[in-house]
Amino acid sequence: MPQIGRRPRRGGVWLTYDYNGFDMAAHTNGHAKRHRHSLKQGDGRNGESGNGVAVAAKLKTAIGHRWEFLTNYLRHPTRVGAIAPSSQALAEAITEPYRNHGKPSKVLEIGAGTGPVTRYLGTVFGPKDRLDVCEISSELSDILERDVLTAPSFARGIAEGRVRLLRVPAQQIPADQSYDFIICGLPLTAFPLQDVKDVFAFIRKALAPDGVMSYFEYIGFRRTSRALALGRRRDRIREVHAYLSRNIREHQFDRRSIYQNLPPAHVRHLRFD
Ligand SMILES: C[S@@+](CC[C@H](N)C(=O)[O-])C[C@H]1O[C@@H](n2cnc3c(N)ncnc32)[C@H](O)[C@@H]1O
């Protein structure tokens with residue numbers, strides 16, 4: 001698989017599974033306008049399903065992902081900014097402009113974590129689309145490489161060099177105005193103001209004309225943390241809040257409230273031109 005950054009560890013079980021125990025192939029049939037791939041339930045190689053061993057293996061992998069996500073959060077709380085991966089409902093909402101676009105597109109996902117959104121992107125990824133998946137954590141990148149991008153839905157894109165894993169901070173990706181869609185999973189509300197500004201500056205440079213940035217934030221999080229925080233933390237939250245609010249006012253063209261997520265989240269879609 002084409003990659004930028006450190007070489008990954010090898011090995012591990014080759015599995016595809018639906019993150020929230022949801023039948024992704026059946027679900028996307030009703031919604032996605034883009035090309036769809038039917039995901040095999042089972043071990044990803046022979047499509048077996050329903051037997052106890054496969055179910056136990058899926059469960060073990062899912063628990064492993066959640067555990068790795070949580071330990072990453074405990075090690076880097078402000079970099080991860082969430083204690084659990086996003087839900088299928090959020091993955092659907094944040095990919096909506098891309099799914100509805102209907103033309104070959106270049107997509108960048110930043111802050112992919114254990115890949116709930118990446119996995120969903122695989123089900124709507126078109127034969128001429130390109131996808132770069134960026135994750136700063138080496139442990140979470142290993143999971144993406146081993147358990148997410150090995151899904152059959154990505155096989156052709158990876159073989160043709162249209163799907164890449166970028167093991168670097170998002171800000172180090174060359175910003176050449178080439179992405180039609182940037183799906184941002186970064187915990188912006190937990191970042192210092194300068195980092196939020198750097199991320200927005202990068203995204204604005206990396207988006208093609210008319211490109212769309214989509215991101216999510218937990219409902220009420222900014223308001224609650226502003227009310228509860230003290231001292232310098234409160235100053236930071238106020239500054240970030242003002243900066244995000246201005247961008248939302250000036251550039252947001254759509255917003256969805258997703259209650260089937262823990263915690264519930266607003267998904268925001270912005271265009272800068
Ligand atoms: C809130 S988690 C979201 C994970 C996933 N997208 C989801 O929805 O479950 C944020 C992720 O962003 C990653 N991250 C933080 N800063 C980053 C950066 N500068 N570049 C790339 N990834 C970053 C973290 O390691 C973490 O996996």
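Predicted model: local features only at pLDDT ≥ 70, side-chain atom pairs only at ≥ 80, totals over all residues.
## Confidence

Across the protein, the pLDDT averages 83, and 82% of the residues score at least 70. Residues 6-32 have a pLDDT below 50, and the model gives this stretch 51 contacts beyond near neighbours in sequence.

## Surroundings of the ligand

There are 22 residues around the ligand. Those that come nearest are P85, S86, G111, G113 and G185. Two helices, α3 (77-80) and α6 (116-124), each contribute at least two residues to the shell around the ligand.

Sorted by class, this shell holds 14 nonpolar residues, six polar residues and two charged residues.

## Packing of α2 and α7

Helix α2 covers residues 52-75 and helix α7 covers residues 138-148. The two helices pack with their axes 10 Å apart, at an angle of about 160°. Angles over 145 degrees count as roughly antiparallel, so α2 and α7 are roughly antiparallel to each other. Their crossing is left-handed.

On the α2 side, the residues that meet α7 are T61, H65, E68 and N72. On the α7 side, E139, L140, I143 and D147 take part. By class, the residues of this contact are two nonpolar, three polar and three charged.

How values were computed
Residues numbered from 1 in each chain as written. pLDDT = per-residue confidence, 0-100. Contact = placed C-beta atoms within 7 Å. Near = placed C-beta within 6 Å. Helix = DSSP H or I, 4+ residues; strand = E, 2+ residues; numbered from the N terminus. Nonpolar A, V, L, I, M, F, W, Y, C, P; charged D, E, K, R; others polar. Axes fitted to C-alpha atoms, helices over the stretch in contact; angles between N-to-C directions. Parallel < 35°, antiparallel > 145°, perpendicular 65-115°, else oblique. Left-handed = near helix turned anticlockwise from the far one by under 90°.
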